[in-house]
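Please keep the sequence and the 3D view side by side as you read.

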Amino acid sequence: MHRSLGKSRLLGVALVLVVCGAPVRADAGPAPYLDARLSVADRVSDLLGRMSLADKLGQMTQPERRYITPDEVTRYRIGSVLSSGGSAPSPNTAKSWADMYDGWQRAALAAPLRVPMMYGVDAVHGHNTVVGATIFPHNIGLGASRDPELVRRIGAATAEEMAGTGVDWDFAPCVCVARNDRWGRTYESFGEVPELPTMMTTVVDGLQGEELGGPASVLATAKHFVGDGGTAGGGDRGDTRISEEELRAVHLPPFQAAVKRGVGSVMVSYSSWNGLKMHENRYLISDVLKRELGFGGFVVSDYNGIDQIDGESGFSRGEVVAAVNAGIDMVMVPTEWRRFITYLGDAVRGGDVSMSRIDDANRRILTKKFELGLFERPMADRSYLKTVGSAAHRELARKAVAESQVVLKNEDDVLPLDGDKFFVAGRSANDVGMQSGGWTITWQGEPGPITPGTTILDGIRKAAGSGATVSYSRDGVGLDDSYDAAIVVVGEKPYAEYHGDRTGDLGLDAGDLATIDRLRDADVPVVVVLVSGRPLDIAKQLPQWDALVEAWLPGTEGGGVADVLFGEAEPKGRLPVTWMRDGGQEPINKGDGKTPLFPFGYGLTFE
Ligand code: GLC
C-alpha cells in the first residue's frame with residue numbers, strides 16, 4: 001500500500017536523503033560507510049547492508065573499456081573497468097589516461113551509493129601501455145639482478161607513474177616459476193626456482209606502499225594462481241601435471257610470500273592442474289589460498305578465463321556458477337558482462353550461488369577499495385603526472401638494466417671494451433621496441449620507435465665517447481680490420497603469452513645468424529649481445545664468438561647494456577634460469593641432473 005509521507009510517522013524513520021550525491025541521514029552527517037573515521041570493517045558492513053543484489057553483482061563485474069559506456073557503468077554499478085594489453089585512450093598520453101580514468105570514476109560515483117570503481121592494467125614492467133612511461137626490464141632480467149630492493153624501488157616508481165594517470169590496480173607481479181623455457185611467458189618470471197619470485201615479491205611493497213592507501217599506492221596482483229609456469233611442454237594455458245607435493249614446493253611459495261606482504265589481489269591462471277581448470281578449482285582457490293594461506297584480498301579471474309572452464313567457446317551459466325563458487329570474487333568478463341550479470345543473478349535466485357558467497361566477494365572487493373582510500377580520493381592524483389618517464393625513473397631503470405646483464409663468455413677479456421673505433425650490427429641494436437619486448441604500448445609489443453627511450457646503440461655511442469667512431473650496419477655489412485671490436489645485438493622479436501610459445505627450434509633466426517656470420521671475415525673480436533625473453537639454443541655458434549652477454553628485455557634504457565659493455569658498471573647478473581645445451585633438453589632446471597651449457601646462477605665478472 002502506498003503511504004504518503006504526510007501521514008506516516010517520520011519519528012524513528014531515518015530518511016536517507018541524497019544530498020549532492022552522497023548518501024546522508026536527515027539526523028546527522030554522512031552515512032557510516034562514508035565516514036573515514038570508522039574502521040574499514042564497519043564501513044564495509046554498513047555499505048553491504050545498503051546494497052541491493054544488483055549493486056553486489058555489479059561490484060563483481062570487470063568489463064574491458066572498449067565494451068562498455070560510462071552510463072552503463074553507472075546503471076549496472078560496475079565495480080571495475082580494465083585496459084587489456086594495448087587498450088589505450090587516444091592520444092595515448094599520460095594526461096589522456098588521467099582524463100579517461102576520471103571519466104570512468106565520475107560514472108561510478110554517479111550511482112546512488114557512490115561506490116568508486118577500480119581501474120586495472122598490466123603494468124608488468126613499468127606503466128607500459130602509456131607512451132612516454134619508463135619501461136623497466138622484464139622480470140627475467142630482474143631475477144638475474146638478485147636485487148630485491150631494486151625491484152621494490154621499481155614497484156614504487158611504477159606506482160607513481162600509475163597514480164598520475166589515476167590507474168589504481170596493477171595486474172602484477174607475475175610470480176610464476178618458469179620451468180620450461182619454451183613457454184611464451186618465461187620472461188614474465190623472475191626465475192625457474194621458487195626462491196627467486198619469492199625474493200622479488202618486494203615489488204608488492206613497492207606498488208602498494210608500506211600500507212594500501214598511502215601516496216602513490218596501487219593494488220598489486222600476484223598472478224597466475226597457480227602452476228602456470230609448470231605446464232607440460234611449456235604450453236601457455238596448458239596442463240600442469242605434477243603432484244600436490246611438487247605444486248606446493250615449487251609453485252605455491254611465491255604466493256605465500258605475496259600474501260604475507262599483503263598483496264591485495266590474486267589472479268587465477270588459465271592453466272589446469274592435473275586436468276582441472278584453475279578457474280574452477282575450489283580446493284586451491286578457497287581452501288588453500290583463502291583459508292590455508294589466509295589471503296584476505298580478492299581473487300580475480302583472467303581475461304575471459306571463465307569461458308575456458310568447459311572447453312566450449314563462450315561461457316555458460318554453469319561456468320559462472322563453478323567459477324564464483326570456486327572462490328573467484330571479481331570476474332574479468334570484457335565483452336559479455338551483461339550476460340555474466342544475468343547468469344549470476346539467476347544463479348543466486350535459483351540457489352546455485354549463495355548470498356553468503358556474493359557477500360564474501362563484495363566484502364573482499366570493498367575492503368580493498370576502502371583501504372586504497374578510493375572513497376576519500378577517487379580521482380587521479382595529477383601531481384604525479386610529472387613522474388611519468390622522469391629522469392629519476394629512467395636512471396633507476398638504467399641501473400636495473402646494468403644489474404640484469406649476464407656475461408656468459410669473455411674470451412681474452414675483450415670486455416670491458418677498450419679502444420676508439422667500434423662496429424655495431426644487428427636488428428636489435430637500434431630499436432626500442434625490440435629491446436622492450438611484449439606488453440609494451442601494445443599487447444604483443446613490436447619493433448620500432450614505439451616510445452621514447454635509449455637504444456643499445458645510443459648507449460654504445462655515449463659510452464664510447466665523442467672522440468670515438470661508432471659505425472652501425474643493421475646487417476653487419478662493412479666491418480674491416482680497422483675496428484677495435486664488433487658488437488652485434490640480435491635475439492627475439494617481441495611477443496606475449498601463447499604467441500611466444502616455441503615448440504620447435506629455440507635458436508637464432510636465419511637473419512640474425514647471417515648478420516653474425518658477416519662479421520667473421522674481419523679479424524676483429526665479436527661481442528654478441530642477445531636481446532631475448534629466455535635462453536636460446538646457441539651452443540653450436542658460441543665457439544665463433546669472442547664474448548656473449550644476455551641482455552634479456554631491458555626496456556627503454558638501453559644505456560644500461562652499454563654501461564656493462566664498457567665497464568661503467570660491473571657485471572653482476574647471474575642466470576635466473578638454466579641455459580640449455582640444446583632445445584631437446586627442455587625442460588631443464590637446476591638440480592635435474594642434466595648437463596646444461598650454462599648452469600643456473602652462472603655469470604662472469606670483470607675481476
Ligand atoms: C591476459 C593475461 C593476464 C593479464 C590479463 C589482462 O590474458 O593472461 O596476465 O593480466 O589478460 O590483460
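Helices and strands here are DSSP runs numbered from the N terminus, with a helix being H or I over at least four residues and a strand being E over at least two. What you see is a predicted model, in which local features need pLDDT of at least 70 and side-chain atom pairs count only at pLDDT 80 or more, while totals for chains, interfaces and linings use all residues. Residues are numbered from 1 along each chain as its sequence is written, and side-chain values use heavy atoms, with hydrogens and water left out.

Let's begin at the ligand. It is surrounded by 13 residues, and the closest are Asp122, Arg185, Lys223, His224 and Asp302; a residue belongs to this group if one of its heavy atoms lies within 4 Å of the ligand. By class, this shell holds 6 nonpolar, 1 polar and 6 charged residues. The classes work like this: Ala, Val, Leu, Ile, Met, Phe, Trp, Tyr, Cys and Pro count as nonpolar, Asp, Glu, Lys and Arg as charged, and the others, Gly among them, as polar.

Which pocket holds the ligand? The ligand sits in the largest one. A pocket, found on a 1 Å grid over the protein atoms alone, is an open set of points where a 1.4 Å probe fits, with protein on both sides within 12 Å along at least five of seven lines. To sit in a pocket, a molecule must have more than half of its atoms within 2 Å of the pocket's grid points.

Now look at the polar contacts, meaning pairs of N or O atoms within 3.5 Å; within protein, one atom must be able to donate a hydrogen and the other to accept it, and residues adjacent in sequence count only if both atoms are side-chain atoms. The side chain of Arg185 places an N or O atom 2.8 Å from an oxygen atom of the ligand. For Lys223, the distance from a side-chain N or O atom to a ligand oxygen is 2.9 Å. Tyr270 also takes part, with a polar side-chain atom 3.1 Å from an oxygen of the ligand. On its own the ligand has 310 Å² of accessible area, and the protein covers 97% of that; such areas come from the Shrake-Rupley method with a 1.4 Å probe, and for residues only the protein chains shown count as cover.

Stay with Lys223 for a moment and follow the backbone. The peptide bond between Lys223 and His224 is cis, with omega about -5°, and His224 is part of strand β7 (residues 221-225). A cis bond also links Phe225 to Val226, again with omega near -5°. Val226 is found in the loop between β7 and β8 (239-240). These bonds deserve a look because most peptide bonds are trans, just as most residues other than glycine have a negative phi.

Arg77, in the loop between α3 (70-75) and β4 (80-82), has a phi near 50°. Arg77 counts as partly exposed because its relative accessibility is 26%, where buried means under 20% relative accessible area, exposed over 50%, and partly exposed in between (1.4 Å probe, protein chains only). Glu497 has a phi near 55° and lies in the loop between β17 (485-491) and α18 (510-518). At a relative accessible area of 6%, Glu497 is buried.

In helix α11 (residues 282-292) you will find Arg291, which is exposed at 57% relative accessible area. Its side chain makes a polar contact of 2.6 Å with that of Asp287. Asn325 is in helix α12 (residues 317-326) and is buried, at 17%. The side chain of Asn325 reaches the backbone oxygen of Asp352 at 2.9 Å.

Finally, how is Asp329 placed, buried or exposed? Asp329, in the loop between α12 and β13 (331-332), is buried because its relative accessibility is 0%. Its C-alpha atom is separated by 38 Å from that of Gly591, 262 residues apart along the chain. Phe255, in helix α10 (residues 253-260), is buried at 2%, and its C-alpha atom is 16 Å from that of Ile328.

Technical notes. On a 1 Å grid over the protein atoms alone, a cavity is a set of points where a 1.4 Å probe fits but cannot get out, and a pocket is an open set with protein on both sides within 12 Å along at least five of seven lines; lining residues have an atom within 4 Å of a point.
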